[in-house]
Amino acid sequence: MTSQRGNSIALAVIGTVAGLALLFALRGILIPLAIAMVLFVLVQALVRFIGQRWQRMPDLLVSIIAALAIIATSAVAIYVLAEGVTQLVQRGPALIARLEALLAQASRGFQLSEPVQLTTLLGQVSLAQLAGRLLTGVQGLFSTLVLVLLYFVFLLAERKKIVRKVQNIAATRAQSAGILQSLEQVGEEIETYVWVQTLTGLMLAGGAGLILFAVGLENALFWTFVLFLLSFIPILGVTIGSVAPALFALLQFSTLWQALVIFGGIQVVAFVIGNLIYPTMQARTQNISPVATLLSLSFWTFLWGMTGAFLAVPLTLILMLVCAKFDSSRWVAVLLSNDGSPDGSRLRGEGGTQARFPGASQHGRR
């Protein structure tokens with residue numbers, strides 16, 4: 001008995017390590033697929049949003065409008081980001097010189113024997129190496145985008161075939177109904193999370209954009225897009241999104257108040273949205289422990305880089321919901337959850353979720 005248990009534990013450890021190795025080795029394929037799945041979920045939410053307001057519009061037309069809206073918005077965002085990164089590379093030397101001057105001024109103000117230098121705080125800064133990494137990242141972004149769009153199109157085409165495939169795979173109708181219900185719950189939670197994060201991110205970026213344009217910061221549109229994207233990174237995103245434009249305000253303006261207004265204003269907007277608006281919209285979104293969120297952010301960033309930081313919460317949410325479906329792994333889901341109820345029963349009660357896959361509810365009633 002002990003030997004069998006030891007073998008099971010060993011197999012579980014080996015399987016986990018092998019799975020992590022595959023996630024890392026196949027990241028070039030899996031990252032575009034994960035991004036495409038997030039876009040697919042966002043389109044599903046947008047389709048439902050449009051369909052509830054224009055109920056007479058054909059479903060196909062609604063799907064096309066939603067998909068084109070997401071694709072067009074993503075293309076504009078990538079163009080703005082590429083232009084902004086190019087300008088940042090060009091302004092890099094001037095920014096470092098400005099920061100060195102501010103540090104020297106602060107050193108004189110505190111009457112330090114030796115002035116504090118930027119290289120002392122951050123180490124040797126190689127602008128050529130940093131610029132090369134940024135430009136390489138932008139070039140790789142376009143090639144990744146093509147793969148994301150291909151995945152995205154095929155996911156849309158496969159959407160209505162999910163039920164039939166599950167019915168053919170499952171041994172019984174009850175089993176297929178259970179699988180569809182599990183898929184429905186995962187889809188519902190991810191869709192709600194992505195939708196809420198998108199809406200609150202737009203609010204945050206809109207408020208911050210007004211501040212940036214009011215202060216007169218150069219390339220304010222670029223920083224607005226950056227802040228919207230960083231809003232998807234839990235805990236650290238808003239902080240990074242407020243510090244970066246404040247630093248470039250130091251470069252553009254000769255006084256400090258503009259940088260302080262940008263940093264403080266973004267923090268105020270984030271505080272209002274995070275404490276007044278987001279909790280209300282979060283009624284049916286993720287139920288992940290803050291500690292688990294921080295750990296997942298570190299883990300997925302290590303595994304997949306910046307893309308992993310953006311996808312950390314959705315991927316962890318999927319892991320929690322899947323683990324909750326099996327008795328042997330339910331303890332993992334309980335540890336990841338915030339209130340000890342990883343299956344979402346606190347919200348849905350005993351009735352479960354209402355299926356939204358085409359034909360899923362009909363299949364469950366047979």
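## Helices and the overall chain

The structure is a predicted model, in which local features need pLDDT of at least 70 and side-chain atom pairs count only at pLDDT 80 or more, while totals for chains, interfaces and linings use all residues. Residues are numbered from 1 along each chain as its sequence is written, and side-chain values use heavy atoms, with hydrogens and water left out.

The protein chain has 15 helices and 0 strands. Of its 366 residues, 37% count as buried, where buried means under 20% relative accessible area, exposed means over 50%, and partly exposed is the range in between (1.4 Å probe, protein chains only). The accessible surface of the protein chain comes to about 21,100 Å², and 68% of that area belongs to carbon and sulfur atoms; such areas come from the Shrake-Rupley method with a 1.4 Å probe, and for residues only the protein chains shown count as cover. A contact means heavy atoms within 4.5 Å, and among contacts in the protein chain between residues at least 6 apart in sequence, 71% join residues at least 24 apart.

Helix α8 is mostly covered, since 9 of its 11 residues are buried. The buried residues of α8 include F222, W223 and F228. Two of these names return in a cluster, because ring pairs link F222, W223 and F248.

N219 lies in the loop between α7 (173–215) and α8, and with a relative accessible area of 26% N219 is partly exposed. Most residues other than glycine have a negative phi, and most peptide bonds are trans. N219, however, has a positive phi of about 55° although it is not a glycine.

## Aromatic rings

The structure holds 5 aromatic pairs; rings of Phe, Tyr and Trp (its six-membered ring) pair if their centres lie within 6.5 Å, and planes under 30 degrees apart count as stacked, over 60 as edge-to-face and the rest as tilted. The rings of F299 and W300 have centres 5.2 Å apart and planes at 80°, so this pair is edge-to-face. F299 counts as partly exposed because its relative accessibility is 31%, whereas W300 has a relative accessible area of 12% and is therefore buried.

A ring also meets a charge in this model: the charged end of R27 sits over the ring of F24, 4.0 Å from its centre. A charge sits over a ring if NZ of Lys or CZ of Arg is within 6 Å of the ring centre and within 35 degrees of the ring normal.

At 51% relative accessibility I235 counts as exposed, while L236, with a relative accessible area of 44%, is partly exposed. Along the chain L236 and A309 are 73 residues apart, yet their C-alpha atoms are separated by 9.8 Å.

I235, L236, I240 and L294 make a nonpolar surface patch of about 360 Å². Patches are made of residues with over 30% relative accessible area and no salt bridge, with like charges joined within 9 Å and nonpolar side chains (Val, Leu, Ile, Met, Phe, Trp, Tyr) within 5 Å; a salt bridge is a side-chain nitrogen of Lys or Arg within 4 Å of a carboxyl oxygen of Asp or Glu.

T293 lies in helix α11 (residues 290–304), and T293 counts as buried because its relative accessibility is 12%. When its neighbours within four places in sequence are left aside, T293 is in contact with P234, I235, I288 and V313.

P279 lies in helix α10 (residues 257–281), where at 39% relative accessibility P279 counts as partly exposed. Leaving aside its neighbours within four places in sequence, P279 is in contact with I273 and G274. V268 and A208 are 60 residues apart in sequence and 9.4 Å apart in space, taken from C-alpha to C-alpha.

Methods:
Helices (H or I, at least four residues) and strands (E, at least two) are DSSP runs, numbered from the N terminus.
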